[in-house]
Amino acid sequence: MADRVYPAAKPAAPNGTAAPAPAPAAAAANGGANQTFPANKAQLYNAARPTYRPMPPPRRKHRRSCCCCCCLFITFFIITVVLLAAIAGAIFWVLYRPQRPSFSVSTLQVSQFNLTSTKLASKFNLTVVARNPNKKISFFYDPINISFNSNDVDIGDGSFPALMHDRKNTTMLKTVVSSSGKNLDGSAISNLKSKLKSKNSLPLEIKLDTKVKVKVGSLKTKKVGIRVKCSGIKITVPSGKTPTKATTSNVKCKVDLRIKIWKWTF
């Protein structure tokens, strides 16, 4: 191959100035020497721009730790109270074996039941048996209010006197429940008459409302409201002066606590 000869200097232009640099295509044809190009605007902008580094979020470890400690303390306190109450309840149950008092309708006689177009006159002889099955617990009852209801119609009212119900004691309570010339609306009168015509008897529900105080050893609790509800009774209206006996064989009496919170009673 013939050796290539490169000029030592750029040839001068006819007017004495330096000749312009050869074109890139000519340089590539003359051996493909490495050439550098000027940087564009984007490269210059990115080179001068500082690197973006996001700021770290503010630290809130102290506040979070305080909230966590408060939540743990409240949870631990609630669990402790529940456990202590459960232990105290278990000890009380083992020592005293508390049971609710029970009530039952012994006899019920209908002496009078006169129903007119606007008024009702009735008279019932009621005997209720109260039992206290507890060995170490006594009950103190306020006067007990009695109401007789038939199809949501009040047909008689009465009361039992205050009662001290001792341990392992059975007490028989007797009273007269009556309604002397009580005014009733037309719908109540028609309801009672339709029941008497169809079945010649009326369903009856007895409600006993009172407040009771419990004595355990030498300690006495505050008064708590209770309601005794006896259902499943059927009465027959007497045709003359001879009173009739109500059916009380399937009577069930249920004792419920009545707790009053502001205006509501549960």
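**Chatting through a predicted model**

Student: Hi! How many helices and strands does the chain have?
Tutor: The secondary structure comes to 4 helices and 14 strands. Bear in mind that this is a predicted model.

Student: Got it. What share of the residues counts as buried?
Tutor: Of the 266 residues in the chain, 25% are buried.

Student: And which residues in the largest nonpolar core touch the most other members?
Tutor: That core has 41 residues, and the ones touching the most other members are Leu-108, Leu-126, Phe-148, Ile-155, Ile-206 and Ile-235. Strand E8, residues 202-216, gives the most to this core, with 6 residues.

Student: Let's pick Ile-235. What is it in contact with, leaving aside neighbours within four places in sequence?
Tutor: Ile-235 is in contact with Leu-108, Val-110, Phe-124, Ile-155, Ser-201, Leu-202, Leu-204 and Ala-246.

Student: Leu-108 again! Where does Thr-248 lie?
Tutor: Thr-248 lies in the loop between strand E11 (244-245) and strand E12 (252-258). Not counting residues up to four places away in sequence, Thr-248 touches Val-105, Ser-106 and Leu-108.

Student: Is Thr-248 buried or exposed?
Tutor: Thr-248 is buried, because its relative accessible area is 19% and the cut-off for buried is under 20%.

Student: Switching to the surface: which residues make the nonpolar patch?
Tutor: Phe-73, Ile-74, Phe-77, Ile-78, Val-81 and Val-82 make a nonpolar surface patch of about 610 Å². One of them, Val-82, is found in helix H3, residues 61-96.

Student: Why does Val-82 count as exposed?
Tutor: Val-82 has a relative accessible area of 51%, and exposed means over 50%, so Val-82 qualifies.

Conventions
Residues numbered from 1 in each chain as written. Predicted model: local features only at pLDDT ≥ 70, side-chain atom pairs only at ≥ 80, totals over all residues. Heavy atoms only, no water. Patch = residues over 30% accessible without salt bridge, like charges linked within 9 Å, V, L, I, M, F, W, Y side chains within 5 Å. Areas by Shrake-Rupley, 256 points an atom, 1.4 Å probe, with all protein chains shown as cover. Salt bridge = Lys/Arg side-chain N within 4 Å of Asp/Glu carboxyl O. Helix = DSSP H or I, 4+ residues; strand = E, 2+ residues; numbered from the N terminus. Buried < 20%, exposed > 50% of the residue type's maximum accessible area, 1.4 Å probe, protein only. Contact = heavy atoms within 4.5 Å. Core = buried A, V, L, I, M, F, W, Y, C linked by side-chain atoms within 4.5 Å.
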